[in-house]
Amino acid sequence: MSSRIERPKTPSGRTLSVSDPELRRLHDHAVRGYPHEVVGLLAGDRSTDTVTRVVPLENETADDPARRFRVNGLKLMRAEQAVEADGLDVVGYYHSHPDHPANWSDTDREQALPDVAYVIAAVQGSPSPHVSDTQGWRLRDDRAVMLHQPVIPSE
Amino acid sequence: MQVSVHIPTALRAFTGRQARVEVEGETVEAALTALTTTHSGLHKHLRDSEGRLRSFVNVYLGDEDIRFLPEGAQTPLAAGAELTIVPSIAGGRS
């Protein structure tokens with residue numbers, strides 16, 4: 001078990017509204033992928049921090065998929081172009097943390113893009129895989145920390 | 001040499017929401033430097049503290065990832081060349 005750093009949740013002053021059925025899809029994806037990390041795209045309306053579509057992507061990492069995720073540039077670009085062609089914005093991305101809290105890690109922060117939301121779903125494997133927590137984050141502009149952007153399920 | 005740089009969604013906050021920026025540059029490197037000189041907020045997101053492109057930042061010249069071009073970032077550009085910044089997404093628990 002790696003050491004866990006309990007970080008204070010520095011507020012971003014923003015929340016992220018995710019429609020209920022899409023949040024369930026995100027959770028289903030995270031549970032199905034256990035014990036590996038899963039990853040996907042969050043699409044909707046950037047101006048209102050609203051997610052209306054969850055797009056699962058393939059975790060292409062070449063190393064430890066239980067602890068890492070990666071989606072390579074061209075595949076990501078095609079997925080983003082597809083949602084933009086439907087009139088939606090790219091609001092952010094999600095990934096899972098198997099048997100680990102829904103807090104951002106330094107690995108997450110170092111590789112984060114600015115100006116988008118990152119949702120992390122914590123998946124506990126015992127007694128059977130289930131999502132125990134879901135939190136949203138966004139990179140502060142100086143890249144030093146990620147700020148809390150709570151996920152609010154909506155109708 | 002004037003060339004175009006396509007900017008991904010997450011970085012448009014630093015280009016006044018422009019998806020495409022025209023810059024001057026004789027090489028890929030020079031064009032990227034011109035881009036981050038004009039739009040200085042981009043610099044820290046594209047490059048690490050030692051000035052290297054961040055590992056998740058891919059730059060394409062046309063359809064080619066510049067990391068796989070023989071001259072890499074020193075590849076000369078023709079007028080009207082199209083550069084595209086294509087981030088990967090990556091991370092994971094510590």
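Helices (H or I, at least four residues) and strands (E, at least two) are DSSP runs, numbered from the N terminus. By that assignment, chain B holds 2 helices and 6 strands. The model is predicted, so local features need pLDDT of at least 70 and side-chain atom pairs count only at pLDDT 80 or more, while totals for chains, interfaces and linings use all residues. Residues are numbered from 1 along each chain as its sequence is written, and chains are lettered from A and ligands numbered from 1 in the order in which they are written.

**Chain B**

- Along the sequence, the elements of chain B follow the pattern β-β-α-α-β-β-β-β.
- Chain B has a radius of gyration (taken over C-alpha atoms) of 13 Å, close to the 12 Å that the globule rule (2.2 Å times the number of residues to the power 0.38) gives for 94 residues, so chain B is as compact as a globular protein of that length.
- Taken along the principal axes, the box filled by the C-alpha atoms of chain B is roughly 45 × 30 × 25 Å.
- Of the 94 residues in chain B, 36% are buried; a residue is buried if 20 or more other C-beta atoms, placed from the backbone, lie within 10 Å of its own.
- Two residues are in contact if their C-beta atoms, placed from the backbone, lie within 7 Å. Among contacts in chain B between residues at least 6 apart in sequence, 55% join residues at least 24 apart.

**Sheet of chain A**

- An open sheet of 8 strands with mixed pairing runs in the order β8-β7-β6-β5-β2-β3-β1-β9 (chain A); two strands pair if DSSP finds at least two bridges between them.
- The edge strands, each pairing on one side only, are β8 (146–148) and β9 (151–154) of chain A.
- From one strand to the next, the twist averages 40 degrees; axes are lines fitted to C-alpha atoms, for helices over the stretch in contact, and angles run from 0 to 180 degrees between N-to-C directions.
- β2(A) is largely enclosed by the rest of the structure, because 6 of its 7 residues are buried.
- β2(A) is joined to the antiparallel β3(A) by 7 bridges, and A:A43 has A:R53 as its bridge partner in β3(A).
- The hairpin of β2(A) and β3(A) has 4 residues between the strands, and A:D49 takes a positive phi near 50 degrees there.
- β2(A) also pairs with β5(A) in the antiparallel sense over 6 bridges, with A:V39 opposite A:H95.
- β6 (residues 117–124) and β7 (residues 130–139) of chain A are antiparallel and share 7 bridges; A:A121 stands opposite A:T134.
- Helix α1 (residues 20–33) of chain A lies across several strands, including β1 (16–19) and β3 (50–57), and runs at about 25 degrees to β3(A).

- Beyond neighbours within four places in sequence, B:V5 is in contact with B:V21, B:V23, B:A31, B:L35, B:L83 and B:I85.

**Contact between the chains**

- Chain A supplies 30 residues to the contact and chain B supplies 16 residues.
- On the side of chain A that touches chain B, α2(A) gives the most, with 5 residues.
- β4(A) pairs with strand β6 (residues 89–91) of chain B in the antiparallel sense over 3 bridges, and B:G91 is the bridge partner of A:F69.

Terms used
Buried ≥ 20, exposed ≤ 12 C-beta atoms within 10 Å, placed from the backbone.
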